[in-house]
Amino acid sequence: MEELQYEELFEQVEREISSEKLRLEIYDHICSCIEYLMNQGADFESAKQKAFFELAPKGLKQIEKETFILLTLTNSFIMKKLMYFCGFFATLFILTGFVFRMMHWPGPTAFMFTGNAFLLLTMIFSGTNLFMNRENLSAVQIAKSSIGIFSGILISAGTLFKIFHWPTASIQLLIGMSLLICIVVPTYFWQFYKRSVLAS
Amino acid sequence: MYSKELLKGTLTTIILNLLKDRGRMYGYEITQAVKEKSTGKILIREGSLYPALHKMLADGLLSTHEENIGKRIRVYYDLTEKGKAELVLRNDELFSFFDTIKSILLPESKIYA
(Lines give C-alpha, C1' and ligand atoms only; values in the text may rest on other atoms or scores of the structure.)
Protein backbone atom coordinates (compact mmCIF):
# COMPACT_ATOMS: atom_id res chain seq x y z
CA MET A 1 0.00 0.00 0.00
CA GLU A 2 1.09 3.54 -0.64
CA GLU A 3 1.56 6.24 1.97
CA LEU A 4 -1.52 8.16 0.79
CA GLN A 5 -3.69 5.07 1.04
CA TYR A 6 -2.61 4.54 4.67
CA GLU A 7 -3.48 8.17 5.37
CA GLU A 8 -6.87 7.81 3.67
CA LEU A 9 -7.65 4.77 5.81
CA PHE A 10 -6.54 6.45 9.02
CA GLU A 11 -8.71 9.49 8.28
CA GLN A 12 -11.73 7.30 7.59
CA VAL A 13 -11.27 5.35 10.83
CA GLU A 14 -10.61 8.58 12.77
CA ARG A 15 -13.88 10.09 11.46
CA GLU A 16 -15.96 7.18 12.75
CA ILE A 17 -14.22 6.03 15.95
CA SER A 18 -13.66 8.50 18.76
CA SER A 19 -12.00 6.19 21.34
CA GLU A 20 -8.24 6.35 20.72
CA LYS A 21 -7.40 2.78 21.71
CA LEU A 22 -10.21 1.29 19.67
CA ARG A 23 -9.26 3.52 16.72
CA LEU A 24 -5.67 2.20 16.74
CA GLU A 25 -6.91 -1.38 16.77
CA ILE A 26 -9.49 -0.90 14.02
CA TYR A 27 -6.92 0.91 11.86
CA ASP A 28 -4.42 -1.92 12.33
CA HIS A 29 -7.15 -4.50 11.63
CA ILE A 30 -8.26 -2.80 8.40
CA CYS A 31 -4.64 -2.29 7.23
CA SER A 32 -3.72 -5.93 7.98
CA CYS A 33 -6.77 -7.19 6.11
CA ILE A 34 -6.13 -4.95 3.06
CA GLU A 35 -2.43 -5.88 2.98
CA TYR A 36 -3.36 -9.57 3.06
CA LEU A 37 -5.94 -9.19 0.27
CA MET A 38 -3.56 -7.09 -1.85
CA ASN A 39 -0.88 -9.77 -1.44
CA GLN A 40 -3.44 -12.20 -2.82
CA GLY A 41 -3.77 -9.99 -5.92
CA ALA A 42 -6.71 -7.68 -5.09
CA ASP A 43 -6.56 -3.96 -5.90
CA PHE A 44 -6.73 -1.37 -3.11
CA GLU A 45 -10.36 -0.28 -3.62
CA SER A 46 -11.88 -3.77 -3.67
CA ALA A 47 -9.64 -4.89 -0.77
CA LYS A 48 -10.72 -1.83 1.22
CA GLN A 49 -14.41 -2.50 0.56
CA LYS A 50 -14.04 -6.14 1.59
CA ALA A 51 -12.04 -5.28 4.72
CA PHE A 52 -14.63 -2.77 5.94
CA PHE A 53 -17.53 -5.07 5.12
CA GLU A 54 -15.98 -8.09 6.82
CA LEU A 55 -15.19 -6.19 9.99
CA ALA A 56 -18.32 -4.09 10.31
CA PRO A 57 -21.08 -4.33 7.69
CA LYS A 58 -23.16 -1.81 9.66
CA GLY A 59 -20.33 0.71 9.83
CA LEU A 60 -17.45 1.28 12.23
CA LYS A 61 -19.60 3.40 14.55
CA GLN A 62 -21.52 0.22 15.44
CA ILE A 63 -18.34 -1.31 16.93
CA GLU A 64 -17.82 1.67 19.21
CA LYS A 65 -21.49 1.69 20.19
CA GLU A 66 -21.49 -2.03 21.05
CA THR A 67 -18.24 -1.68 23.01
CA PHE A 68 -19.76 1.19 25.00
CA ILE A 69 -22.94 -0.77 25.72
CA LEU A 70 -21.01 -3.88 26.85
CA LEU A 71 -18.70 -1.88 29.09
CA THR A 72 -21.42 0.20 30.76
CA LEU A 73 -24.02 -2.55 31.18
CA THR A 74 -22.83 -3.64 34.63
CA ASN A 75 -22.28 -0.05 35.81
CA SER A 76 -25.70 0.94 34.53
CA PHE A 77 -27.29 -1.97 36.44
CA ILE A 78 -25.55 -0.94 39.69
CA MET A 79 -26.51 2.71 39.11
CA LYS A 80 -30.18 1.76 38.64
CA LYS A 81 -30.16 -0.30 41.85
CA LEU A 82 -28.69 2.63 43.80
CA MET A 83 -31.22 4.97 42.20
CA TYR A 84 -34.22 2.87 43.29
CA PHE A 85 -32.75 2.25 46.75
CA CYS A 86 -32.23 5.98 47.39
CA GLY A 87 -35.56 6.85 45.77
CA PHE A 88 -37.39 4.48 48.13
CA PHE A 89 -35.78 5.97 51.26
CA ALA A 90 -36.26 9.54 49.98
CA THR A 91 -40.02 8.95 49.60
CA LEU A 92 -40.23 7.13 52.93
CA PHE A 93 -38.45 9.84 54.96
CA ILE A 94 -40.08 12.83 53.23
CA LEU A 95 -43.60 11.40 53.70
CA THR A 96 -42.86 10.46 57.35
CA GLY A 97 -41.49 13.97 57.94
CA PHE A 98 -44.65 15.42 56.40
CA VAL A 99 -46.87 13.34 58.73
CA PHE A 100 -44.77 14.33 61.80
CA ARG A 101 -45.04 18.03 60.85
CA MET A 102 -48.82 17.84 60.34
CA MET A 103 -49.30 16.07 63.68
CA HIS A 104 -46.89 18.44 65.50
CA TRP A 105 -44.83 15.46 66.63
CA PRO A 106 -41.12 15.96 67.43
CA GLY A 107 -38.34 15.55 64.84
CA PRO A 108 -39.94 16.27 61.43
CA THR A 109 -36.86 18.28 60.33
CA ALA A 110 -34.59 15.26 60.83
CA PHE A 111 -36.87 13.17 58.58
CA MET A 112 -37.05 15.97 55.98
CA PHE A 113 -33.26 16.37 56.04
CA THR A 114 -32.61 12.63 55.58
CA GLY A 115 -35.31 12.34 52.91
CA ASN A 116 -33.97 15.26 50.90
CA ALA A 117 -30.39 14.00 51.18
CA PHE A 118 -31.60 10.68 49.70
CA LEU A 119 -33.54 12.62 47.03
CA LEU A 120 -30.38 14.51 46.06
CA LEU A 121 -28.47 11.21 45.77
CA THR A 122 -31.31 9.73 43.69
CA MET A 123 -31.06 12.66 41.31
CA ILE A 124 -27.26 12.37 41.05
CA PHE A 125 -27.52 8.62 40.24
CA SER A 126 -30.34 9.33 37.76
CA GLY A 127 -28.18 11.94 36.03
CA THR A 128 -25.22 9.55 35.83
CA ASN A 129 -27.46 6.80 34.50
CA LEU A 130 -28.89 9.17 31.89
CA PHE A 131 -25.37 10.18 30.83
CA MET A 132 -24.31 6.55 30.51
CA ASN A 133 -27.33 5.66 28.39
CA ARG A 134 -27.38 8.82 26.29
CA GLU A 135 -26.42 6.87 23.14
CA ASN A 136 -29.63 4.83 23.28
CA LEU A 137 -32.04 7.71 23.92
CA SER A 138 -33.56 10.31 21.62
CA ALA A 139 -32.80 14.03 22.06
CA VAL A 140 -36.38 14.64 23.35
CA GLN A 141 -36.08 11.86 25.96
CA ILE A 142 -32.73 13.24 27.13
CA ALA A 143 -34.14 16.78 27.34
CA LYS A 144 -37.23 15.66 29.31
CA SER A 145 -35.21 13.57 31.77
CA SER A 146 -32.55 16.29 32.17
CA ILE A 147 -35.17 18.90 33.11
CA GLY A 148 -36.74 16.45 35.59
CA ILE A 149 -33.38 15.65 37.18
CA PHE A 150 -32.35 19.31 37.27
CA SER A 151 -35.59 20.32 39.01
CA GLY A 152 -35.16 17.41 41.48
CA ILE A 153 -31.61 18.54 42.31
CA LEU A 154 -32.76 22.15 42.87
CA ILE A 155 -35.70 21.11 45.07
CA SER A 156 -33.71 18.69 47.25
CA ALA A 157 -30.69 21.01 47.53
CA GLY A 158 -32.96 24.00 48.12
CA THR A 159 -34.76 22.19 50.97
CA LEU A 160 -31.43 21.21 52.55
CA PHE A 161 -30.22 24.82 52.25
CA LYS A 162 -33.51 25.99 53.82
CA ILE A 163 -33.06 23.62 56.78
CA PHE A 164 -29.57 25.04 57.43
CA HIS A 165 -30.71 28.64 56.73
CA TRP A 166 -28.08 28.98 54.00
CA PRO A 167 -28.39 31.64 51.30
CA THR A 168 -29.99 31.01 47.83
CA ALA A 169 -32.34 28.37 49.31
CA SER A 170 -35.50 30.20 48.18
CA ILE A 171 -34.30 30.85 44.64
CA GLN A 172 -33.28 27.17 44.26
CA LEU A 173 -36.68 26.02 45.51
CA LEU A 174 -38.50 28.55 43.33
CA ILE A 175 -36.73 27.55 40.11
CA GLY A 176 -36.94 23.82 40.93
CA MET A 177 -40.66 23.98 41.79
CA SER A 178 -41.41 26.13 38.70
CA LEU A 179 -39.75 23.56 36.43
CA LEU A 180 -41.57 20.75 38.22
CA ILE A 181 -45.01 22.39 38.06
CA CYS A 182 -44.78 23.98 34.60
CA ILE A 183 -42.77 21.39 32.64
CA VAL A 184 -42.07 18.07 34.38
CA VAL A 185 -45.53 17.25 35.82
CA PRO A 186 -47.56 18.31 32.71
CA THR A 187 -45.13 16.43 30.40
CA TYR A 188 -45.34 13.20 32.40
CA PHE A 189 -49.13 13.35 32.79
CA TRP A 190 -49.49 14.06 29.06
CA GLN A 191 -47.28 11.02 28.38
CA PHE A 192 -49.40 8.79 30.66
CA TYR A 193 -52.59 10.11 29.03
CA LYS A 194 -51.25 9.42 25.51
CA ARG A 195 -50.20 5.89 26.53
CA SER A 196 -53.65 5.10 28.00
CA VAL A 197 -55.37 6.45 24.86
CA LEU A 198 -53.12 4.32 22.64
CA ALA A 199 -53.68 1.24 24.82
CA SER A 200 -57.49 1.55 24.74
CA MET B 1 -21.75 -20.42 8.39
CA TYR B 2 -23.35 -20.39 11.85
CA SER B 3 -25.83 -17.73 12.96
CA LYS B 4 -24.76 -14.66 14.91
CA GLU B 5 -26.94 -15.75 17.87
CA LEU B 6 -25.12 -19.09 18.23
CA LEU B 7 -21.75 -17.36 18.16
CA LYS B 8 -22.68 -14.62 20.62
CA GLY B 9 -22.69 -16.81 23.72
CA THR B 10 -19.46 -18.61 22.86
CA LEU B 11 -17.23 -15.82 21.54
CA THR B 12 -15.53 -15.16 24.91
CA THR B 13 -14.78 -18.88 25.34
CA ILE B 14 -13.41 -19.10 21.78
CA ILE B 15 -11.09 -16.11 22.36
CA LEU B 16 -9.89 -17.44 25.73
CA ASN B 17 -9.08 -20.85 24.20
CA LEU B 18 -7.24 -19.34 21.23
CA LEU B 19 -5.10 -17.17 23.48
CA LYS B 20 -4.32 -20.18 25.69
CA ASP B 21 -3.21 -22.24 22.68
CA ARG B 22 -1.34 -19.58 20.71
CA GLY B 23 -0.20 -17.06 23.30
CA ARG B 24 -0.55 -13.33 22.60
CA MET B 25 -2.60 -12.35 19.56
CA TYR B 26 -3.95 -9.18 17.92
CA GLY B 27 -7.48 -8.57 16.65
CA TYR B 28 -7.07 -9.43 12.97
CA GLU B 29 -5.00 -12.48 13.88
CA ILE B 30 -7.85 -13.72 16.10
CA THR B 31 -10.44 -13.40 13.31
CA GLN B 32 -8.15 -15.27 10.90
CA ALA B 33 -7.39 -18.01 13.44
CA VAL B 34 -11.10 -18.54 14.12
CA LYS B 35 -11.82 -18.65 10.37
CA GLU B 36 -8.99 -21.12 9.80
CA LYS B 37 -9.80 -23.41 12.76
CA SER B 38 -13.50 -23.51 11.90
CA THR B 39 -12.74 -24.06 8.18
CA GLY B 40 -14.58 -20.86 7.37
CA LYS B 41 -17.77 -21.80 9.27
CA ILE B 42 -17.27 -19.12 11.91
CA LEU B 43 -16.59 -15.58 10.73
CA ILE B 44 -16.30 -12.97 13.45
CA ARG B 45 -17.93 -9.92 11.97
CA GLU B 46 -20.63 -7.34 12.62
CA GLY B 47 -18.28 -5.67 15.02
CA SER B 48 -18.51 -8.36 17.70
CA LEU B 49 -14.78 -9.01 18.23
CA TYR B 50 -13.59 -5.66 19.60
CA PRO B 51 -16.53 -5.09 21.98
CA ALA B 52 -15.88 -8.60 23.36
CA LEU B 53 -12.12 -8.00 23.70
CA HIS B 54 -12.63 -4.67 25.47
CA LYS B 55 -15.21 -6.18 27.83
CA MET B 56 -12.81 -9.04 28.68
CA LEU B 57 -10.08 -6.47 29.23
CA ALA B 58 -12.31 -4.47 31.58
CA ASP B 59 -13.19 -7.67 33.45
CA GLY B 60 -9.49 -8.40 33.96
CA LEU B 61 -9.47 -11.57 31.83
CA LEU B 62 -6.97 -10.14 29.33
CA SER B 63 -3.99 -7.84 29.37
CA THR B 64 -2.68 -5.79 26.44
CA HIS B 65 0.71 -4.93 25.07
CA GLU B 66 1.28 -2.35 22.32
CA GLU B 67 3.92 -2.65 19.62
CA ASN B 68 4.94 -0.33 16.80
CA ILE B 69 4.48 -2.02 13.43
CA GLY B 70 5.90 0.40 10.86
CA LYS B 71 3.78 3.51 11.14
CA ARG B 72 0.98 1.98 13.16
CA ILE B 73 0.47 0.52 16.59
CA ARG B 74 -0.59 -3.08 17.10
CA VAL B 75 -2.39 -4.10 20.29
CA TYR B 76 -1.64 -7.64 21.43
CA TYR B 77 -3.93 -9.46 23.87
CA ASP B 78 -2.81 -12.06 26.37
CA LEU B 79 -4.49 -14.12 29.09
CA THR B 80 -4.21 -12.99 32.70
CA GLU B 81 -4.29 -15.40 35.65
CA LYS B 82 -7.98 -14.51 36.10
CA GLY B 83 -8.50 -15.23 32.39
CA LYS B 84 -6.89 -18.68 32.75
CA ALA B 85 -9.20 -19.53 35.65
CA GLU B 86 -12.22 -18.20 33.73
CA LEU B 87 -11.25 -20.36 30.73
CA VAL B 88 -11.54 -23.55 32.81
CA LEU B 89 -14.96 -22.52 34.15
CA ARG B 90 -16.26 -21.50 30.72
CA ASN B 91 -15.01 -24.67 29.04
CA ASP B 92 -16.71 -26.83 31.69
CA GLU B 93 -19.92 -24.85 31.32
CA LEU B 94 -19.87 -25.03 27.53
CA PHE B 95 -19.18 -28.79 27.37
CA SER B 96 -21.90 -29.46 29.92
CA PHE B 97 -24.22 -27.26 27.82
CA PHE B 98 -23.39 -29.27 24.66
CA ASP B 99 -24.27 -32.51 26.50
CA THR B 100 -27.57 -31.07 27.72
CA ILE B 101 -28.49 -29.79 24.27
CA LYS B 102 -27.59 -33.19 22.80
CA SER B 103 -29.81 -34.96 25.32
CA ILE B 104 -32.70 -32.64 24.45
CA LEU B 105 -32.34 -32.74 20.69
CA LEU B 106 -31.33 -36.33 20.02
CA PRO B 107 -33.60 -39.34 20.53
CA GLU B 108 -32.52 -41.36 23.61
CA SER B 109 -31.52 -44.37 21.49
CA LYS B 110 -28.92 -42.25 19.66
CA ILE B 111 -27.35 -40.86 22.84
CA TYR B 112 -26.78 -44.26 24.42
CA ALA B 113 -25.91 -46.00 21.15
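The model is predicted. Chain A has seven helices and zero strands. Where chain B touches chain A, helix H4 of chain B gives the largest share of the side of chain B, five residues. The largest nonpolar core has 36 residues and takes residues from elements of both chains.

**Chain A overall**

- Along the sequence, chain A reads α-α-α-α-α-α-α.
- Of the 200 residues in chain A, 26% are buried.
- Among contacts in chain A with a separation of 6 or more, 55% join residues 24 or more positions apart.

**Contact between the chains**

- Chain A puts 22 residues into the contact and chain B puts in 16 residues.
- On the side of chain B that touches chain A, the elements giving two or more residues are helix H3 (27–37), H4 and strand S3 (72–79) of chain B.
- H4(B) supplies five residues to this side, the largest share.
- By class, the residues on this side of chain B are seven nonpolar, three polar and six charged.

**Nonpolar cores**

- In the largest nonpolar core, of 36 residues, the members that touch the most other members are Val13(A), Ile26(A), Ile30(A), Ala51(A), Ile15(B) and Leu53(B).
- From chain A, the elements that give two or more residues to this core are helix H1 (3–16), helix H2 (20–39), helix H3 (44–55) and H4; from chain B they are H2, H3, H4 and S3.
- H2(A) gives the largest share of this core, seven residues.
- Another core lies apart from this one and has eleven residues, including Phe111(A), Phe118(A), Leu119(A) and Met123(A).

**Helices H2 and H4 of chain B**

- The axes of helix H2 (residues 11–22) and helix H4 (residues 49–58) of chain B come within 10 Å and cross at roughly 75°.
- An angle of 65 to 115 degrees counts as roughly perpendicular, and H2(B) and H4(B) are therefore roughly perpendicular to each other.
- H2(B) makes the contact through Leu11(B), Thr12(B) and Ile15(B), and H4(B) through Ala52(B), Leu53(B) and Met56(B).
- This contact of H2(B) with H4(B) has five nonpolar residues, one polar residue and no charged residues.
- Leaving out residues up to four places away in sequence, Ile15(B) touches Ile30(B), Ala52(B), Leu53(B) and Met56(B).

**Helix H6 of chain A**

- The 25 residues of H6(A) should span 36 Å at 1.5 Å a residue, and the end C-alpha atoms of H6(A) are 36 Å apart, which agrees.
- The buried residues in H6(A) are Gly148(A), Ile149(A), Ser151(A), Gly152(A), Leu154(A), Ile155(A), Ser156(A), Ala157(A), Gly158(A) and Thr159(A).
- These buried residues of H6(A) pack against H5 and H7 of chain A.
- After H6(A) comes His165(A), which has a positive phi, near 55°.

- Helix H5 of chain B (residues 81–105) has 25 residues, which at 1.5 Å a residue should span 36 Å; its end C-alpha atoms are 36 Å apart, in agreement.
- H5(B) is hardly covered, with two buried residues among its 25 residues.
- Gly83(B) lies in H5 of chain B.
- A residue counts as buried with 20 or more other C-beta atoms within 10 Å; Gly83(B) has 23 and is therefore buried.
- Gly83(B) touches Leu16(B), Leu61(B) and Leu62(B), leaving out residues up to four places away in sequence.
- Gly83(B) and Gly60(B) are 23 residues apart in sequence, with their C-alpha atoms 7.1 Å apart.

**Residues with positive phi**

- Most residues other than glycine have a negative phi.
- His104(A), not a glycine, has a positive phi of about 60°.
- His104(A) sits in the loop between helix H4 (60–102) and helix H5 (108–132) of chain A.
- With 7 other C-beta atoms within 10 Å, His104(A) is exposed.
- His165(A), also a residue other than glycine, has a positive phi near 55°.
- The loop that holds His165(A) runs between helix H6 (139–163) and helix H7 (169–199) of chain A.
- His165(A) is exposed, with 7 other C-beta atoms within 10 Å.

Notes. Residues numbered from 1 in each chain as written. Chains lettered and ligands numbered in written order. Predicted model: local features only at pLDDT ≥ 70, side-chain atom pairs only at ≥ 80, totals over all residues. Axes fitted to C-alpha atoms, helices over the stretch in contact; angles between N-to-C directions. Helix = DSSP H or I, 4+ residues; strand = E, 2+ residues; numbered from the N terminus. Parallel < 35°, antiparallel > 145°, perpendicular 65-115°, else oblique. Contact = placed C-beta atoms within 7 Å. Nonpolar A, V, L, I, M, F, W, Y, C, P; charged D, E, K, R; others polar. Buried ≥ 20, exposed ≤ 12 C-beta atoms within 10 Å, placed from the backbone. Core = buried A, V, L, I, M, F, W, Y, C linked by C-beta atoms within 7 Å. Expected span 1.5 Å × (residues − 1).
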